[in-house]
Amino acid sequence: MSNRLMVKLNKKPCYDILIENDLSALNNEITNLYPEKRKLCIISESNVFPLWGEKVINTLKETGFEVLHYEFKAGEENKTLATVNKIYEFLIKEHFERRDVLVALGGGVCGDITGYAAATYLRGIDFIQIPTTLLSFVDSSVGGKTGVDYKGYKNMVGAFKMPRLVYIDTEFLNTISDRMYYSGFAEVMKAALIKDGEFYEWLISNMYEICEKDKDVVSEMIFRSVDIKRQVVEKDPFEKDERRLLNFGHTIGHAIEKYKKYTLSHGECVALGCVAASYISLKKGFITNDEHYEIRDMFVPFNLPITVSDIEPKKILKILKSDKKAKNGIVSFVLLKKPGKAFVCDEVSDKEILEGINAVFFDINAND
Ligand SMILES: NC(=O)c1ccc[n+]([C@@H]2O[C@H](COP(=O)([O-])OP(=O)(O)OC[C@H]3O[C@@H](n4cnc5c(N)ncnc54)[C@H](O)[C@@H]3O)[C@@H](O)[C@H]2O)c1
Ligand SMILES: [Zn+2]
């Protein structure tokens, strides 16, 4: 199986995505992109850099390029303009020029921050993504959406900025927690459900190997998920239409995430959101009972929740409607026609949304 995907923008080659089991192919990619010497600055964070920084620096130094690094404090709460400001200061101090290149080494938080810094520093410099979580392999590193949170609003400030290369080294999975791994898997399921019924079946038949992190199976899973994301972003690079399908499971998911004050992981909320959206698809007659329950049960072996307690469904609906995606009070909802085929539906009533939320609500007081 090939391990390279090429993302096109307006039908022209834009950047490559490599899926590797180590860093050995990285320098070749970089020196092919940049035959003349450049400065590279690795932007990483306080959890990833101590684990992997030295290895990546030593690898990159073999290119003969000057390699700098800047580390910020890990965590979504630091995905802010304040962190970006400090990166600008560092780059100015180090005389970073327009021809130089940023390298994001970290999960989605690091990729989003670095991409935004690259989009804006000196009106735009190149950047390379070296993602380190399953979520960032299959989702955030591909597609060029970058940005930061602003005053508590998620991803409120940002820019589209395509990376020059995405280098996925599956070794990074060795140091992420099981919870993070499974959280990333929710996005894999999402990708399969919206676009590729055959891949969805494949996930079901390879469930055991995926849980055991079998190297070959995981590489294939990543390749196929990234390929789905590639197809979607190529069709709609600036999120006008097709790319909205990637929000499957995220409308209710985000609202639960906010309601639970981010105590559940993003993937856990996406799993709940997928189950709720699948239920709405069932209620509206698009999918069958069997299809819905198979989707729901598919999250269980991956330690992902299919129910949640201690929520107030009506408050979740309110949060959902105040989300930036609710235009004129109408929520665009991504539903399923069948596993592997999603569509945007503008006709989902509040009552139907509440039914979806209730489908994942495990009310511990219900039998009192
Ligand atoms: N740009 C996009 O298109 C896009 C898409 C989806 C999500 N996102 C963004 O991505 C972010 C979530 O990404 P994430 O789940 O990767 O979060 P993250 O970057 O916060 O990483 C999760 C946790 O794992 C740690 N970590 C990362 N890699 C590790 C490794 N190899 N070993 C040990 N620990 C490691 C991090 O320090 C952090 O504590 C959110 O901010 C979200 O908005 C962006
Ligand atoms: Zn997501």
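Two residues are taken to be in contact if their C-beta atoms, placed from the backbone, lie within 7 Å. On this basis, residues 24 or more positions apart account for 74% of those contacts in the protein chain that have a separation of 6 or more. The model is predicted: local features need pLDDT of at least 70 and side-chain atom pairs count only at pLDDT 80 or more, whereas totals for chains, interfaces and linings use all residues. Residues are numbered from 1 along each chain as its sequence is written, with chains lettered from A and ligands numbered from 1 in the order in which they are written.

The protein chain holds 14 helices and 13 strands (DSSP runs of H or I with at least four residues, and of E with at least two, numbered from the N terminus). Its C-alpha atoms fill a box of roughly 65 × 45 × 40 Å along the principal axes.

At least three core residues come from each of domain 1 (4–175) and domain 2 (178–360), with bounds from an automatic or database domain assignment. Beyond its neighbours within four places in sequence, Val-103 is in contact with Leu-40, Cys-41, Ile-42, Ile-43, Ile-128 and Ile-130.

The C-alpha centres of the two domains lie 27 Å apart. Their contact takes 20 residues from domain 1 and 24 residues from domain 2. On the domain 1 side, strand E1 (4–9), strand E2 (12–20) and H5 each supply at least two residues, and the largest share, five residues, comes from H5.

Ligand 1 is surrounded by 27 residues, the closest being Asn-47, Gly-107, Gly-108, Ser-140 and Thr-175 (C-beta atom, placed from the backbone, within 6 Å). Helix H2 (48–61), helix H4 (108–120) and helix H5 (134–140) are the elements that give two or more residues to this shell.
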